[in-house]
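Here's a quick briefing to read alongside the model. Take a look at the structure first, then work through the points below.

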Amino acid sequence: MNYELVIGLETHVELSTESKIFCSCGGHSAANEPNDCVCPACSGMPGMLPVMNKRVVELAVTAGLMLNCDINKYTTFDKKNYYYPDLPCAYQITQLNHPICTNGCVTLKTSAGSRDIRIKQIHMEEDAGKLVHGGKYSYVDFNRTSVPLIEIVTQPDFRSAEEVVTYLNKLKSMFRSGGISECEEGAMRCDVNISVRPEGSEAFGVRTEIKNMSSFEAIERAIHYEAQRHMDALEFETEELVQETRRFDDASGKTMAMRNKETESDYRYFPDANLMPIIIDDAWLDEIKAKKPAAVDEKAEDYRAAGISEKEIDMLISNHKVSKLLDDIVAMGCKAKDAAAWILTDCAGILRKDGKTLNDLTITAEKLFAVTSMVDRGDINRNAGKKILIAIIEDDVDPVAYCKEKGLDKKFDASAVEAVIEKVIAENTQSVQDYKNGKVKAIQALFGACMKELKGAGDPAVIKTVLEEKLK
Amino acid sequence: MNYYRTKCDGGNIAVDDTILVKGMEASAGSKILEGFKPLFSAEVATRLESKGYNIAGKTHVGEFGLDLLGEFSHYSEKQDALKGAAAELVAQGTVKAALGVDMNGSTRRAAAISGVDFLKPTYGTVSRYGVISCAASGEQIGVYAPSALGIKEIMDVIAGHDDKDGTSLRNESYDYTISDAAGKKVCIVKELLEKADDETKARLNAFTDGLRAKGVMVEEISFEIFETANTAWQILMTAETCNNISRYDGVKFGHRATEYKNIDELYVNSRTEGFNFLTKAVILYGSDVLSKNRYADCYDKSLKVRRVLCEKFEKLMENYDAILTPACSKTAYNRFDIHEAFGKVFEESVFTALANLIGIPALVSGGVQLMGKHFSESMLLSLADCVERKGE
């Protein structure tokens, strides 16, 4: 049976403010000695009262605006009770009933196309400290206590690990450019809610939550592991899935149960009487909107979200032809990060040997994609791919034919091509009609559909010929 | 009785042990805070010192101010006839005035028993910065003094906005002017009068006569909100107290158990040894009303009751300037067992809880209590003053 993955995310982001959320202690960094950035308030001493840091509200609102949220004019704080030595008051101040932002949306561009992820809410809260274990004793470090966080909660709208990572990269790039957070190591932490269900099913499967991961790579591995565990349980009845909280063990690459519904503690949330409700009136909202940094280039943001490096983004943004080529092969199904490497490293390197630059690149998207997809499928290795690429750039060879001629491919079956072309023609009657009515360009859409269907396996030249034949 | 007794004359002020003074140990009467020395002074102490007053010392309080008058302090001997330490010090003339945190009525009862005045001001008018906080939504620092005039003097110094307290109202100062009360209208609440013993009733009658002699109109009415107010406040107060004192866990400061094998035992043993029976009862009650399946019926409902009763009170105050009630049911209390404390305090708080619940001012004078709408301190002090200076 085919299964669909359903994921919702809770992402904690440390805000870049000069002081903590409820006191005037300065921001901490790894360079600080333990308990350097601590005052009676953030270490839970009696007599101190929390006083709201206005900047936290402004940054949370800015984040909400960036994620297309409703900004709630009335917002309040609640206390969440639990005992842990790194939590000096034995409660965390957070928002439960009236979060600052709700109902947002963020659009992702992935290999599966454009996807909307709904944001359920953004709320403000304070971070906890940390424990340092050494020898016989454990020590408490309150430097991080009361550092301001926003938690961004999505609806269960993700369908793959790739989408999750794209989303996280997008948040990271937005928040950096918006001055909301530096998103340094550990400053962005995720809880992943995950379930699987038979494809086509409406009902959600049993959900597990993987807590507190900060590396995107770990998040991706954890999702793959957990999804497989769920599918095995459903398919082979290896175990009974229960709603529970799990943690990801980086070394073994496995998730382990932490606590389930029965052993979950009651956090006894209730309103914090020390903090008056915050009213965000129109004047203040306008002020925050005015201070919001100019919209960052959407395209750069998408590249960043796709994991392309800043240096590569600069090259792409400054060269429209190159970025178009990248966009085209990504649309055909190539991973953006791989596409960037093929174009900006391999093609550029080949051209450089002849004293040329990327401006001289003439390779077509179809030919480039033929190469990258052969590598992706494992038909050929990357070195072979590069050889073909050199031949294309120097002599404009046909990649598939060249590959066969040089014996670089291990497996290639062209017989499936014709069936696929027929299927595409049957499914795209409008394009077919357009073509027959003289709109020659309509063939591009059909060609693209064939390539997608074949996952790039076909010889572009052959497909084009057969396609033209069939359309006559 | 005060354990930081220094020279006490003229401008000496005592503060109770839930209010921090830099350098002086602070315990809120509890073993759990044993040895804790605050790094800063409460805003009220700083303001008094800046105006030339001397914080002469601290007075014992019952653990976290949860008891009747202050009888269950970890640090003081229980007397046979119960008295509040701060109120007694003022009654003896040892200090000019004293400050106490009004949370569940112990301050007002103590003032009534010792025959001194005590004002619990409108919520948000006096900074709570430096109070060992329990019930944040209704506690407020108040003043003990021999007379209404004495209270006015101290309130003029300590009231007004403080940036360090998020619940502090924006006003820089408030009006505590004492003026002629003739022509004012006061009502006596029948339901509360019925709960008081004969001596208390006699005090109330004497106060009423005093008011009438100065041209104040007094009449008896029925106003049945006090039982409900008390229940709602006990729910909010225990819940907030349970939460606020959960930070006393033996990890950071104060008492830590010597015997423990892991962190859970450290918590449990330290807290078991550190809190008295009454505090433990409050913790249990408070965690229960906050628990998932009780929250809507208890805590949330109490918040709604708070709003409704506030409106009802304001409605009544359209016809009267103040209400006159007993501050407690008796004129003296004898020693009793701590296992009875929770119920006993609950019963007696029926007189005091409304003021904490809805944040209105309450003034104890002549062993009775006056309450008025928000910011009516000036009126309450004027009414008390006209009775206190009846010969003039």
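Is A:S146 buried or exposed? A:S146 is buried, because 31 other C-beta atoms lie within 10 Å; the cut-offs are 20 or more such atoms within 10 Å of a residue's own C-beta for buried, 12 or fewer for exposed and anything in between for partly exposed, with C-beta atoms placed from the backbone. Keep in mind that this is a predicted model, where local features need pLDDT of at least 70, side-chain atom pairs count only at pLDDT 80 or more, and totals for chains, interfaces and linings use all residues. Residues are numbered from 1 along each chain as its sequence is written, while chains are lettered from A and ligands numbered from 1 in the order in which they are written.

**Chain A overall**

- Chain A has 15 helices and 16 strands, taken as DSSP runs numbered from the N terminus (H or I over at least four residues for helices, E over at least two for strands).
- Along the principal axes, the C-alpha atoms of chain A fill a box of roughly 85 × 55 × 50 Å.
- Chain A runs to 472 residues, and 40% of them count as buried.
- Take the contacts in chain A with a separation of 6 or more: 69% of them come from residues 24 or more positions apart. Here, a contact is a pair of residues whose C-beta atoms, placed from the backbone, lie within 7 Å.

**Two domains in chain A**

- Where the domains of chain A meet, eight residues of domain 1 are in contact with nine residues of domain 2.
- On the domain 1 side of that contact, the elements giving two or more residues are β6 (101–110) and α2 (161–177) of chain A. α2(A) gives the most, with five residues.
- By class, that domain 1 side has two nonpolar, four polar and two charged residues. Ala, Val, Leu, Ile, Met, Phe, Trp, Tyr, Cys and Pro count as nonpolar, Asp, Glu, Lys and Arg as charged, and the others, Gly among them, as polar.

**Helix packing in chain A**

- The axes of α9 (residues 365–377) and α10 (residues 382–395) of chain A come within 9 Å and cross at roughly 170°. Axes are lines fitted to C-alpha atoms, for helices over the stretch in contact, and angles run from 0 to 180 degrees between N-to-C directions.
- α9(A) and α10(A) are therefore roughly antiparallel to each other. Angles under 35 degrees count as roughly parallel, over 145 as roughly antiparallel, 65 to 115 as roughly perpendicular and the rest as oblique.
- In this pair, A:K367, A:V371, A:M374 and A:V375 of α9(A) meet A:R382, A:G385, A:I388, A:L389 and A:I392 of α10(A). By class, the contact has six nonpolar, one polar and two charged residues.
- α9(A) also pairs with α7 (residues 320–332) of chain A: their axes come within 9 Å and cross at roughly 55°. α7(A) and α9(A) are therefore oblique to each other.
- From α7(A), this second contact uses A:L325, A:D328, A:I329 and A:M332, and from α9(A) it uses A:A365, A:L368, A:F369 and A:T372. The classes here are six nonpolar, one polar and one charged.

**Loop residues to look at**

- A:S146 sits in the loop between β9 (137–141) and β10 (148–154) of chain A. Its phi is near 70°, a positive value in a residue other than glycine.
- Most residues other than glycine have a negative phi.
- A:R268 is in the loop between β14 (254–260) and β15 (270–271) of chain A, with phi near 45°, again a positive value in a non-glycine residue. A:R268 is buried, with 24 other C-beta atoms within 10 Å.
- A:S43 lies in the loop between β1 (3–14) and α1 (54–66) of chain A, and is buried, with 22 other C-beta atoms within 10 Å.
- Leaving aside neighbours within four places in sequence, A:S43 is in contact with A:V38, A:P88, A:F142, A:T145 and B:K252.

**Chain A against chain B**

- The contact between the chains takes 33 residues from chain B and 25 residues from chain A.
- On the chain B side, α7 (226–244), α8 (263–274) and α9 (277–290) of chain B are the elements that give two or more residues. α7(B) gives the most, with three residues.
- By class, the chain B side has 15 nonpolar, nine polar and nine charged residues.
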